[in-house]
Amino acid sequence: MFCRQCEQTQDHIACRTVGICGKSPETSTMQDVLMHTVKSVSLWAVAAREAGASADEMKEANSWTLSSVFSTLTNVNFDESRIAEYIKEGMTIKRDLEQMVRAKGGVAPDGDVARLDLSKMDTDELEDFGYTVSIPELQKAMGNDDCFSLVEIASYGAKGACAYAAHCRQLGYVDEDVMTGIHHVFAKVASNEPDMEGLLANALRVGELNGKILEMLDTAHAATFGAPEPTQVKVTATKGKCILVSGHDLLDLETLLKQTEGKGVNVYTHGEMLPAHGYPGLKKYPHLVGNYGTAWQNQKFEFALFPGPVVVTTNCILEPRRKYKDRLYSINEVGVAGVKHIKDGDFSEVIEQAQSCKGFPRTIDPAEYLTVGFNHRAVLPLAGKVIDAVQNGHISRIFLIGGCDGSQFDRNYFTELAEELPDDTLILTLGCAKNRFIHSKKLLGQTLANGMPRILDMGQCNDSYSAIVVATELAKALDCTVNDLPLSLCLSHLEQKAAAVLLTLLQMGVKNIRLGPSLPAYITPNVLDVLVQNYNIMPTGDVQGDIKMMMEGK
Ligand code: FS2
Ligand code: SF4
């Protein structure tokens, strides 16, 4: 195996024996084959649309693309057999697209990737094939490391964009123009030609598409569950039987809440599901009693101690410990071999298991709370207050500290940063990286001189659009650009959703982003130079030194 798609990659080079995430070489190789299949399907999808295929005719190819790509993200699917199923389905989709192109008199794409036929291969043969389309093999074939770095940037960013688009699809939102763009991105990657300019444009195109997807996801969430509003969330236990829900898919949480009504079972959120409590359509359920635990990387301890079943809706799942494996359930694109997989939104087995588990023996008193729900719809009405506070010196600077969390020790940077910033700074946050500081006793409950809470939790990484709207609207109100705002961005990077958001920010022209705890291994020094020259992107450094620079607007 050779995987370097995320930040936690081994020695900051690549995972080559087994993934730091726990991914086996077999699953990793199978995912390489699946991504090659995605490229082949994308070439035919482009040809089909050029031949006049309608949005309706592209439905299956669109849906398969989103699910297949999502299954290859970090910490999503460790089940080799499920990846093999996606490959087989992809071959059927490709055959159907081929027939469509020919029936419509279109032009068939050329080349080995377009001619890919894996339909008769068994698992061993697919794995053997996987070694021929691994990252090092494709890089060698291209013969230009900088161009290949751009291929990887676009591919991993497109993976994140597909994941966000899969969340949209779950809520019934699919945009044919966006899907056309996604297939074009993968078709460009399929060419594997060392076209520096075209590949740079392809990477920025991913950022643009992802911006549209994030906007669509924001609309879909608000239309389905109501506009999020500031809400206190209990983070201590309530006596009773319980189910824990982790991941990002709010619709799964809603389905579970409906199915647990009147069943005497409380529901808790975990990890990226915390912001669910801010949505009127979810918080109306009295048995959604609170949040349990912290970010995904602590699940091996936290799930083990939870006295009921656990459902993981999307990333990030880890290979489970024996202690809770029989209480763990996956759903949607998530998968781990030997873990029960929920189909057709039927949670009856989970609910039955919750009723037979111990549950929490007592209610913790006094209870503790966090506040969530500072979506852009809740923050923009405060914009006047923020601008006044900035102008009269009550807010010295605004910080966006967010992104993905992870287990590495150097991610304490984000805790120290939040704790060490001057008390008159406003901190916006989103994504699971917020767990680095929202529980901090030093910061909990802090307010600014104008009475505003000092930390505003804007939601999941899926809610990055909120940060974009707030920054853009503040810039409009102050008649300047986002880069001229008294705003510093410090982003914690781990997986491909973060890569997509970063490309969106770059494509918008946002500069001076600090990225940490280290830069991705797939960025070559020359490509990094381009990013530094054009966007002044920086690695996170020493906390005190960074604070000094950021307070000076650097
Ligand atoms: Fe966190 Fe994991 Fe949100 Fe990322 S729960 S690192 O994939 O998507 O954020
Ligand atoms: Fe390693 Fe990340 Fe790939 Fe997992 S997803 S194998 S941790 S680079």
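I will go from the ligand to the sheets, then to the rings and one lysine.

First, the ground rules. This is a predicted model: local features need pLDDT of at least 70, side-chain atom pairs count only at pLDDT 80 or more, and totals for chains, interfaces and linings use all residues. Residues are numbered from 1 along each chain as its sequence is written, chains are lettered from A and ligands numbered from 1 in the order in which they are written, and side-chain values use heavy atoms, with hydrogens and water left out.

Start with the ligand. Which residues surround ligand 1? The shell is H248, E272, W296, N315, C316, C404, C432, C461, L494, E495 and K497. To be near a molecule or strand, a residue needs a heavy atom within 4 Å of it. By class, that shell has six nonpolar, two polar and three charged residues. For the classes, Ala, Val, Leu, Ile, Met, Phe, Trp, Tyr, Cys and Pro are nonpolar, Asp, Glu, Lys and Arg are charged, and the others, Gly among them, are polar.

Domain 2 (231-356) and domain 3 (375-551) each give at least three residues to the shell around ligand 1. Those bounds come from an automatic or database domain assignment.

Now the polar contacts. A polar contact is a pair of N or O atoms within 3.5 Å; within protein, one must be able to donate a hydrogen and the other to accept it, and residues adjacent in sequence count only if both atoms are side-chain atoms. N315 has a polar side-chain atom 2.6 Å from an oxygen atom of ligand 1. For H248, an N or O atom of the side chain is 3.0 Å from a ligand 1 oxygen. For E495, the distance from a side-chain N or O atom to an oxygen of ligand 1 is 3.2 Å.

Next, the sheet. Six strands form an open sheet in the order β11-β10-β9-β12-β13-β14, with parallel pairing. Its edge strands are β11 (455-457) and β14 (538-539), each pairing on one side only. Strands here are DSSP E runs of at least two residues, helices are H or I runs of at least four, and both are numbered from the N terminus. Two strands pair if DSSP finds at least two bridges between them.

Look at β12, residues 487-492. Six of its six residues are buried, so the strand is largely enclosed by the rest of the structure. Buried means under 20% relative accessible area, exposed over 50%, and partly exposed in between, with a 1.4 Å probe and protein chains only. In a regular strand, side chains alternate between the two faces of the sheet. In β12, L487, L489 and L491 point one way, while S488, C490 and S492 point the other way.

The neighbours of β12 run parallel to it. Strand β9 (residues 397-403) is joined to β12 by six bridges, with I398 opposite L487. Strand β13 (residues 514-516) is joined to β12 by three bridges, and L491 partners L515. Further along, β10 (residues 425-429) and β11 share three bridges, L428 with L456 being one partner pair.

Elsewhere, five of the six residues of β2 (residues 241-246) are buried. Strands β2 and β3 pair in parallel over five bridges, and V245 has T269 as its bridge partner.

On to the rings. The structure holds nine aromatic pairs. The rings of Y268 and F306 have centres 5.8 Å apart and planes at 80 degrees, so this pair is edge-to-face. The cut-offs: rings of Phe, Tyr and Trp (its six-membered ring) pair with centres within 6.5 Å; planes under 30 degrees apart are stacked, over 60 edge-to-face, the rest tilted. Y268 sits in strand β3 (residues 265-269) and F306 in the loop between α11 (299-305) and β5 (310-312), 38 residues apart. Y268 and F306 are both buried. Ring pairs also link Y268, Y292, F306 and F360 into a cluster.

Last, the lysine. Is K434 buried or exposed? K434 is buried, with a relative accessible area of 1%. K434 lies in the loop between β10 and β11. A polar atom of the K434 side chain lies 3.2 Å from the backbone oxygen of G431.
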